Amino acid sequence: MRLPDFRAGEAAAALMARLDALARFSDEEGHLARTFLSPAHRCAADRVKAWMEEAGMTARIDAIGNVVGRYEGRRPGAPALLIGSHLDTVRRAGRYDGSFGVLTAVAAVAELSARGMRFETAVEVIAFGDEEGVRFPTTLSGSRAIAGTFDAAALDLVDDRGITLRDALAAFGCDPAAIGAVARRPEDILGYVEVHIEQGPVLEREGLAVGVVTAIAGASRAAIDVAGEAGHAGTVPMGLRRDALAAAAEMVLAVESTGRSAPDLVATVGRLVAEPGAVNVIPGRAAFTVDLRHPEDAVREAAIAALEGRIREIATRRGVRAEIRPTHAARATRCDPGMIAALSRAVAEAGLPVRLLPSGAGHDAMAVAALCPVGMLFVRCAGGVSHDPAEAVDQADAGAALDVLLRFLLNVLHAGAVR
């Protein structure tokens with residue numbers, strides 16, 4: 001289904017202009033850095049709230065700092081279809097991660113409102129504030145609160161200036177004691193859809209504007225400490241060395257080969273350090289990190305177990321000790337089959353090829369899945385670059401994503417269900 005007088009080009013140009021305007025709200029000069037509950041976050045939240053109201057929604061900022069806009073159904077209090085993404089960014093960020101999904105949702109509701117279209121189901125647009133987890137040692141606070149899984153103990157966490165999450169919320173104008181009331185009831189929610197840049201190169205490589213997400217990958221992370229024996233670089237023969245860095249280097253290659261061992265499996269060493277770090281000393285210690293992801297938990301868990309076995313074998317063969325310390329584990333989130341089908345139908349109706357693909361990055365949809373069925377639409381980003389000022393989305397692709405989202409909304413809202 002399509003709005004007959006929808007002008008995708010004009011709507012996309014307006015959307016891109018708003019994304020540029022929103023990117024000006026930054027906590028740091030010269031680049032985009034907008035962290036949870038910061039002054040820049042407050043300015044961005046207020047601007048998005050105003051845009052929601054212009055689009056015909058009633059809007060508010062809730063107790064956890066989410067901006068919530070509601071486009072009411074034909075009867076007050078009707079169940080709602082949720083659309084959302086996040087407003088916070090990493091430091092030295094691009095302007096499309098998170099914000100693109102929020103403002104595309106606002107633009108879609110504006111199109112419905114301009115025609116006076118109401119449905120049995122309401123639509124709510126939610127701009128979450130804490131997807132990146134940059135300021136506090138926690139993440140997905142807003143989406144967890146909506147899903148009813150927010151841990152109140154997180155209110156006592158502190159940022160690098162010693163400010164608690166509780167105090168930061170109060171300074172933002174929120175009431176931490178009211179966070180429990182943010183939670184939604186499953187019977188009041190039809191589902192959740194999130195539009196997001198891909199943050200990867202697959203769509204660009206295949207020449208596609210959009211893709212439908214099948215699952216959000218689960219992740220396993222670990223810190224590996226390798227203990228060998230330091231020695232003089234000139235006096236210890238090669239056959240007598242217990243070089244911690246050389247052992248770690250072989251382990252890093254084992255991480256890479258593990259990541260190549262199954263489709264959709266990725267494995268990364270993001271940090272590697274050696275001690276004592278002198279040019280003429282054999283490293284006695286090395287430490288590195290592992291991040292391993294896959295959209296199927298069984299595949300991920302088997303891969304991390306196999307990798308641990310390879311690390312221990314390398315350590316034994318090279319005469320070093322390896323301590324493997326798991327630091328994080330998150331289960332995969334499967335997108336709802338009905339959501340996948342509805343988004344795929346909308347893509348096909350827009351005259352675009354339907355491409356199904358997993359997400360290797362985490363999203364608010366992971367938390368919202370505890371509440372209701374979730375789905376995601378990816379849009380192509382240049383070079384697959386994200387979390388960087390070079391992040392870029394083509395205006396035509398923005399128009400395609402908005403077109404698909406509108407078709408999805410019309411189909412689902414007319415049916416009153418995700419089919």
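**Helix 7 and helix 8**

I found an angle of about 155 degrees between helix 7 (residues 244–259) and helix 8 (residues 297–318), with the axes 10 Å apart. Helices here are DSSP runs of H or I with at least four residues, strands are runs of E with at least two, and both are numbered from the N terminus.

This is a predicted model, so I kept in mind that local features need pLDDT of at least 70 and side-chain atom pairs count only at pLDDT 80 or more, while totals for chains, interfaces and linings use all residues. Residues are numbered from 1 along each chain as its sequence is written, and side-chain values use heavy atoms, with hydrogens and water left out.

I then looked up who makes the contact (heavy atoms within 4.5 Å). On the helix 7 side the residues include Ala 246, Glu 250 and Met 251, and on the helix 8 side they include Leu 307, Arg 310 and Ile 311. The residues of this contact split into ten nonpolar, two polar and four charged. For the record, Ala, Val, Leu, Ile, Met, Phe, Trp, Tyr, Cys and Pro count as nonpolar, Asp, Glu, Lys and Arg as charged, and the others, Gly among them, as polar.

**Helix 2 and helix 3**

Next pair: helix 2 and helix 3 pack at about 20 degrees, axes 9 Å apart. That makes helix 2 roughly parallel to helix 3. Helix 2 passes helix 3 in a left-handed crossing. I listed Val 48, Trp 51 and Met 52 from helix 2, and Val 102, Leu 103 and Val 106 from helix 3, as the residues in contact. The tally is six nonpolar, no polar and no charged.

**Helix 1**

Helix 1 (residues 8–22) has 15 residues and reaches 21 Å from first C-alpha to last, close to the 21 Å expected (1.5 Å times one less than the number of residues). Which residues of helix 1 are buried? I got Ala 11, Ala 12, Leu 15, Met 16, Leu 19, Ala 21 and Leu 22 (buried is under 20% relative accessible area, exposed over 50%, partly exposed in between, with a 1.4 Å probe and protein chains only). They pack against helix 2 (39–54), helix 3 (99–114) and helix 11 (395–415).

I found a cis peptide bond between Glu 275 and Pro 276, with omega about 10 degrees. Pro 276 sits in the loop between strand 12 (272–275) and strand 13 (281–282).

Leu 37 has a positive phi, near 70 degrees, and is not a glycine. I located Leu 37 in the loop between strand 1 (32–33) and helix 2. Leu 37 is buried, at 7% relative accessible area.

His 387 also has a positive phi, near 55 degrees. His 387 is in the loop between strand 18 (374–379) and helix 11. Buried or partly exposed? At 35% relative accessibility, His 387 is partly exposed.

Methods. Axes are lines fitted to C-alpha atoms, for helices over the stretch in contact, and angles run from 0 to 180 degrees between N-to-C directions. Angles under 35 degrees count as roughly parallel, over 145 as roughly antiparallel, 65 to 115 as roughly perpendicular and the rest as oblique. A crossing is left-handed if the near helix is turned anticlockwise from the far one by less than a right angle, and right-handed if clockwise.
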